[in-house]
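Me: I'm new to this one. Can you put it up so we can go through some of its strands?

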Amino acid sequence: MVAEKIDQCMKPHGDEGIETINRMNENHADISEFAFECVNVEENDSILDIGCGGGVNIEKFLKLTSENVDGLDYSDISVAESIKRNHKAVDLRKCKVIEANVCDMPIDDESYDLISAFETIYFWPDIENTFKEVLRILKPKGQFMIAQGTDGNHPDDELWLNTVEGMSLYTAPELEKYLLDAGFSNVKVFKKENDYILVVIAEKIAINHHRLFEPNESHHHH
């Protein structure tokens with residue numbers, strides 16, 4: 001039974017999948033709340049929530065921006081639940097929810113100002129290359145926010161890793177390294193006081209090639 005439940009976390013399916021999503025919506029509320037305190041959402045940010053589950057965070061983001069808030073998940077049930085929950089925005093074309101895998105997203109380069117991943121990167125394969133794929137679809141100066149219920153030091157982590165297939169946990173320093181290696185900059189780490197909740201926000205720096213020093217002007221002698 002445990003294995004079945006756990007498999008549901010990774011990719012909700014069937015009737016029990018709906019139960020799993022409802023449970024996730026409740027259990028992740030405190031993680032979501034903390035993440036929204038950490039991130040700065042501009043009024044005209046276009047947003048993508050990867051691993052959008054039941055669509056709760058899409059709903060929250062829609063209140064903060066006048067632009068599109070889209071979702072992506074590889075569980076068809078999650079996609080359906082996200083659409084159901086945000087059907088008004090979907091009808092107004094302010095929200096679309098895509099069924100896809102994060103390793104290979106059918107999304108154009110530089111599409112979003114903010115990309116979020118709540119309680120989901122545990123299941124992302126080949127994390128550095130997957131982060132590169134996120135970087136690709138982020139606009140220059142865009143932000144990527146990771147929010148999770150454990151910073152890798154939670155007492156239940158060991159149990160979790162042993163029961164959940166295909167799962168990895170990352171500490172803040174590990175995430176920072178993977179993000180920087182993938183090409184992100186300015187990694188900021190937020191930890192909820194007296195808790196294990198971790199939020200990491202990284203930026204995509206706009207590179208202006210014209211500003212690189214010409215070989216002859218790097219050392220001016222006075």
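Me: What is the bridge partner of Ala147 in β7?

Reply: The partner of Ala147 is Val199 in β7. Strand β5 (residues 138-148) and β7 run antiparallel and are joined by six bridges. Strands here are DSSP E runs of at least two residues, and helices are H or I runs of at least four, numbered from the N terminus. Two strands pair if DSSP finds at least two bridges between them.

Me: Where do these numbers come from?

Reply: This is a predicted model, where local features need pLDDT of at least 70, side-chain atom pairs count only at pLDDT 80 or more, and totals for chains, interfaces and linings use all residues. Residues are numbered from 1 along each chain as its sequence is written, and side-chain values use heavy atoms, with hydrogens and water left out.

Me: What stands opposite Val200 of β7?

Reply: Val189 does. Strand β6 (residues 185-191) pairs with β7 in the antiparallel sense, over five bridges.

Me: Why is β7 largely enclosed?

Reply: Because five of its six residues (198-203) are buried, β7 is largely enclosed by the rest of the structure. Buried means under 20% relative accessible area, exposed over 50%, and partly exposed in between (1.4 Å probe, protein chains only).

Me: Switching to β2, which way do its residues point?

Reply: Val69, Gly71 and Asp73 point one way, Asp70 and Leu72 the other, and all are buried. In a regular strand the side chains alternate between the two faces of the sheet.

Me: How many bridges join β1 to β2?

Reply: Four bridges join β1 (residues 47-50) to β2, and the two run parallel. Leu48 has Asp70 as its bridge partner in β2.
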